[in-house]
Amino acid sequence: MADLRRVIFAVLTAVILFGTAYSVLYDTYLDTSNPLISNLSHPLSRSHYFANKSNPLNVYFIKKAWGWTSGLFLILWATSPPQKRTAQRLAKWATATGVWVLFTMWFFGPSIMDRLIVASGGACMVKLPSGELATIPTEACFAGSAVGPTSHPHFFSQISQVATQAPDWNALPRLHRGHDVSGHVFLLTMSILFLADQLRASQGFVPWSMLHRVAIFANVALVGIWFLASYTTAVYFHSPLEKLTGYILGLIGFGLTQLSVFEEHRPSKTQES
């Protein structure tokens with residue numbers, strides 16, 4: 001029987017490559033590193049359903065991708081045959097969760113992705129009431145909270161119109177102009193491969209319990225949704241290089257769960273006899 005991980009890996013690679021090639025050929029992607037357009041609606045949002053960031057796939061699934069992946073994996077694990085409810089499988093999930101946290105949320109301070117943006121020339125910018133963009137200290141973006149002339153007067157001391165015309169104004173700053181790794185491609189890649197790896201544990205165990213059948217179906221359906229999300233992200237968002245780095249980081253994250261320390265040790269024939 002073919003290794004499910006390799007089959008899914010091949011399909012995922014093809015989906016992302018095709019979507020990225022399409023985005024270049026037909027100029028459908030939005031460069032999210034460009035501060036002048038990143039906060040605007042996608043130019044194709046009215047004519048292309050998945051180019052609109054408010055579509056249900058993005059709002060209810062992609063933005064909560066690891067929550068969905070974790071929840072359905074834990075149900076799959078809990079309903080598996082006793083011999084397949086191993087600590088190694090939970091350790092793989094814990095490792096992938098740690099990768100998600102370090103890359104997207106916290107790495108002894110700012111996340112790895114935020115550090116990559118700054119290291120590649122990114123700047124912390126905030127949109128003023130006038131519509132202009134102002135560069136402020138990077139620490140403001142790392143803090144993840146809104147800034148304004150009242151709460152952070154030292155950031156705006158050189159921007160007189162803010163203090164005089166909109167003293168109560170505040171806004172959330174964002175990092176721009178650096179290499180904005182596609183967090184969606186990163187997380188979807190890791191999620192798809194992780195679930196494929198976990199579904200392998202159910203291969204060969206039949207008949208399954210009714211609950212486990214439902215869990216398998218739910219996980220397979222989620223993989224299908226993640227494939228769709230990977231394709232729409234590849235077609236409509238981020239530059240090709242940003243999608244490529246997101247894909248590579250996703251592979252690295254999954255690869256960490258495949259280290260030999262997570263291998264399940266089976267007794268040898270000598271020990272069994």
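Me: In this predicted model, in which helix does Thr233 lie, and is Thr233 buried or exposed?
Reply: Thr233 belongs to a helix that runs over residues 210-236, namely α9.

Me: Which residues is Thr233 in contact with, leaving aside its neighbours within four places in sequence?
Reply: Once neighbours within four places in sequence are left aside, the contacts of Thr233 are Ile62, Ser182, His184, Val185, Leu188 and Lys243.

Me: What should the 18 residues of helix α4 span, and how far apart are its end C-alpha atoms?
Reply: Helix α4 covers residues 87-104, and at 1.5 Å a residue its 18 residues should span 26 Å. The end C-alpha atoms of α4 agree with that expectation, for they are separated by 26 Å.

Me: Where around the axis of α4 do its buried residues sit?
Reply: The buried residues of α4 are Arg89, Lys92, Ala96, Thr97, Val99 and Phe103. Around the axis they cover an arc of only 155°, and therefore they sit on the same side of α4. As background, residues three or four places apart in an α-helix point the same way, because there are 3.6 residues a turn. The buried residues of α4 pack against helices α3 (65-78), α5 (112-119), α8 (183-199) and α10 (240-256), while the arc they cover is 155°.

Me: Which residues of α5 are buried, and within what arc do they fall?
Reply: In α5 the buried residues are Ile112, Met113 and Ile117. Seen down the helix axis they line one face, since they fall within an arc of 145°.

Me: How far apart in space are Leu187 and Trp66, C-alpha to C-alpha?
Reply: Leu187 lies in helix α8 and is buried, with a relative accessible area of 9%. Not counting residues up to four places away in sequence, Leu187 touches Ala65, Trp66 and Trp100. Although Leu187 and Trp66 are 121 residues apart in sequence, their C-alpha to C-alpha separation in space is 7.3 Å.

Me: Which strands stand at the edges of the open sheet?
Reply: The open sheet has 3 strands in the order β2-β1-β3, with antiparallel pairing. Each edge strand has a single partner, so one side of each is left without a neighbour in the sheet, and these edge strands are β2 (133-136) and β3.

Me: What does the twist average from one strand to the next, and over how many bridges do β1 and β2 pair?
Reply: In the sheet ordered β2-β1-β3, the twist from one strand to the next averages 50°. Within this sheet β1 and β2 pair in the antiparallel sense, and the number of bridges over which they do so is 4.

Me: Which residues form the disulfide, and why is the disulfide right-handed?
Reply: A search of the whole structure finds 1 disulfide, in which the sulfur atoms of Cys124 and Cys141 are 2.1 Å apart. The pair links distant parts of the chain, 17 residues apart, with Cys124 in strand β1 (residues 123-127) and Cys141 in helix α6 (residues 138-143). Cys124 and Cys141 are both buried. The disulfide of Cys124 and Cys141 is right-handed because the torsion about its S-S bond is about 90°.

Me: Which residue of β2 does Cys124 stand opposite?
Reply: Cys124 is in strand β1, and β1 pairs with β2 in the antiparallel sense. The residue of β2 that stands opposite Cys124 is Ile136.

Me: Where is Ala146, and what distance separates its C-alpha atom from that of Val126?
Reply: Ala146 is placed in the loop between α6 and α7 (160-165), and with a relative accessible area of 35% Ala146 is partly exposed. Its contacts beyond four places in sequence include Asn170, Ala171, Leu172 and Pro173. Ala146 and Val126 are 20 residues apart along the chain, and their C-alpha atoms are separated by 9.4 Å.

Notes: Residues numbered from 1 in each chain as written. Predicted model: local features only at pLDDT ≥ 70, side-chain atom pairs only at ≥ 80, totals over all residues. Heavy atoms only, no water. Disulfide = S-S within 2.5 Å. Helix = DSSP H or I, 4+ residues; strand = E, 2+ residues; numbered from the N terminus. Buried < 20%, exposed > 50% of the residue type's maximum accessible area, 1.4 Å probe, protein only. Contact = heavy atoms within 4.5 Å. Expected span 1.5 Å × (residues − 1). Arc of directions from axis to C-beta. Pairing = 2+ DSSP bridges. Axes fitted to C-alpha atoms, helices over the stretch in contact; angles between N-to-C directions.
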